[in-house]
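Welcome, and please open the structure in your viewer. We will walk through it stop by stop, and at each stop you will hear what to select and what is there.

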Amino acid sequence: MGEKRIIEVEGLVKHYGEVTALDGVSFSVEEGEIFGLLGPNGAGKTTLMEILCGLRRFNEGKATILGFDLVKDSRKVRGMIGFCPQETLLYDLLSVLENLAFSASLYSLNRKKFKERVDFSSKVLGVGEFLNRKVQQLSGGMKRRANLAASIIHDPPIVILDEPTVGFDPNIKREFWELIKTLKNHGKTVLLSTHDMYEADELCNRVAIMDKGKIVALDKPHVLKKTIGGEASIHIKVKDTQTKKALKPLDKYSHILRDNEIQIFVTNPWEIMPEVSNKLISQGILTEKIEIVEPTLEDVFIKLTGRKLTEE
Ligand SMILES: Nc1ncnc2c1ncn2[C@@H]1O[C@H](COP(=O)(O)OP(=O)(O)O)[C@@H](O)[C@H]1O
Ligand SMILES: [Mg+2]
């Protein structure tokens, strides 16, 4: 990974009327990394990406792409970014190839370059098998590939992906993750948003955890997971909703409550486990499950905000 900062954002503020979607966001992305914005719905991820792509104005702050100012050099900046929004922007009645040609025309690609890019899309992004099929006949996974191909037809150094795998089943998700890693291997810098902690963990070199328009933590996934204050946590699921009662004997440990579940962050789970279960038994508390789990990025989010990443 290069040391070069390819995206620099400082103090971005964005209001939609009364709503503050971004409340002073600062971070930078280094050349060649996969950088993740992890946060729940409404955190401000899409707003931030749309601003970086020049699709939205902002109220305060500054951002530069490869040293060029987002506002002053907006034309230049636009060609440096390929934005793949959550909703596909393809024409249903056109074939994939026709869609690619349309996108290419927006960037005035010449014939030779277009041919090269169709080749790349076919071989690397895997759209070769359905180049001549109409978009309306494609599966969800194929559509998302075609959408990505169209978004980066102009071969930009930066690829911005808004929740690229939302709604995918696990297999297709994995395939898409491989594809994103391939982009990185082709030298692209990737900025992606997600509310999937596994996706952020698996793909990203660094992750900014966002909540309510703010970045609440930013680091490499393994470093973030260490910040929860323990090597692991003990998850306890109690029968009924006796949670409050169950929590009482465990007061001395840090814990977080979700319905009838307790989570205790500890550095020595194997040593504490017997003590915990003895205490529960002595209180006559019936448990459904007690297990030791490795920390996840969601644990980090819970610890920082007291809420879960996704609603159940
Ligand atoms: N066009 C808009 N008009 C008004 N409010 C908006 C608009 N777009 C987003 N918001 C609000 O801004 C906040 C951030 O939204 P968004 O950027 O879509 O977050 P995310 O992508 O993380 O779900 C939310 O409170 C959302 O309701
Ligand atoms: Mg969004």
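**Stop 1: a hairpin.** Select G17, which takes a positive phi near 60° in the hairpin of β1 and β2, where two residues stand between the strands. Helices and strands on this tour are DSSP runs numbered from the N terminus (helices are H or I with at least four residues, strands are E with at least two). Before we move on, please note that this is a predicted model, in which local features need pLDDT of at least 70, side-chain atom pairs count only at pLDDT 80 or more, and totals for chains, interfaces and linings use all residues. Residues are numbered from 1 along each chain as its sequence is written, chains are lettered from A and ligands numbered from 1 in the order in which they are written, and side-chain values use heavy atoms, with hydrogens and water left out.

Stop 2: Now colour β1 and β2, which pair in the antiparallel sense over nine bridges. Two strands count as paired if DSSP finds at least two bridges between them. Click on L12 and look across to β2: V25 stands opposite.

Which residue of β4 is the bridge partner of V9? It is A63.

Step back to see an open sheet of four strands in the order β2-β1-β4-β5, with antiparallel pairing. β2 (19-30) and β5 (68-69) are the edge strands, each with a single partner, so one side of each has no neighbour in the sheet.

**Stop 3: a loop residue, M80.** Select M80, in the loop between α2 and β6. Is M80 buried or exposed? With 13% relative accessibility, it counts as buried. Buried means under 20% relative accessible area, exposed means over 50%, and partly exposed lies in between (1.4 Å probe, protein chains only).

Show P157 as well: its C-alpha atom is 5.8 Å from that of M80, although the two are 77 residues apart along the chain. Not counting residues up to four places away in sequence, M80 touches I65, L66, F68, P156, P157 and I158. Contact here means heavy atoms within 4.5 Å.

**Stop 4: helix α3.** Select residues 96-106, which make up α3; V96, N99, L100, S103 and A104 are buried there. They lie on the same side of α3 because they cover an arc of only 140° around the axis. That arc is taken from the directions from the helix axis to the C-beta atoms. What do the buried residues of α3 pack against? Their partners are α4 (111-123) and α5 (140-151). Just after α3, find S108, which takes a positive phi of about 50°.

Now look for K134, in the loop between α4 and α5. K134 is partly exposed, with a relative accessible area of 36%. Its contacts, leaving aside neighbours within four places in sequence, are D92, L93, L94 and S95.

Stop 5: Show F83, L89, L106, Y107 and S151, which lie nearest the centre of the largest pocket among its 22 lining residues. The pocket holds about 550 Å³ of space, and α3 gives the largest share of its lining, four residues.

A search of the whole structure finds one cavity of 30 Å³ or more. The largest cavity holds about 40 Å³ of space, and its lining includes C84, R144 and E163. On a 1 Å grid over the protein atoms alone, a cavity is a set of points where a 1.4 Å probe fits but cannot get out, while a pocket is an open set with protein on both sides within 12 Å along at least five of seven lines; lining residues have an atom within 4 Å of a point. Grid points are joined across faces, edges and corners, and a volume is the space filled by probe spheres set on the points.

Stay with E163, in the loop between β7 (158-162) and α6 (170-185). E163 counts as buried, at 6% relative accessibility. Leaving aside neighbours within four places in sequence, E163 is in contact with K45, Q86, R144, S193, T194 and H195.

**Last stop: the whole protein.** Zoom out to eleven helices and 14 strands. Of the 312 residues, 50% count as buried. Colour domain 1 (5-225) and domain 2 (229-294), whose bounds come from an automatic or database domain assignment. Their centres, taken over C-alpha atoms, are separated by 40 Å.
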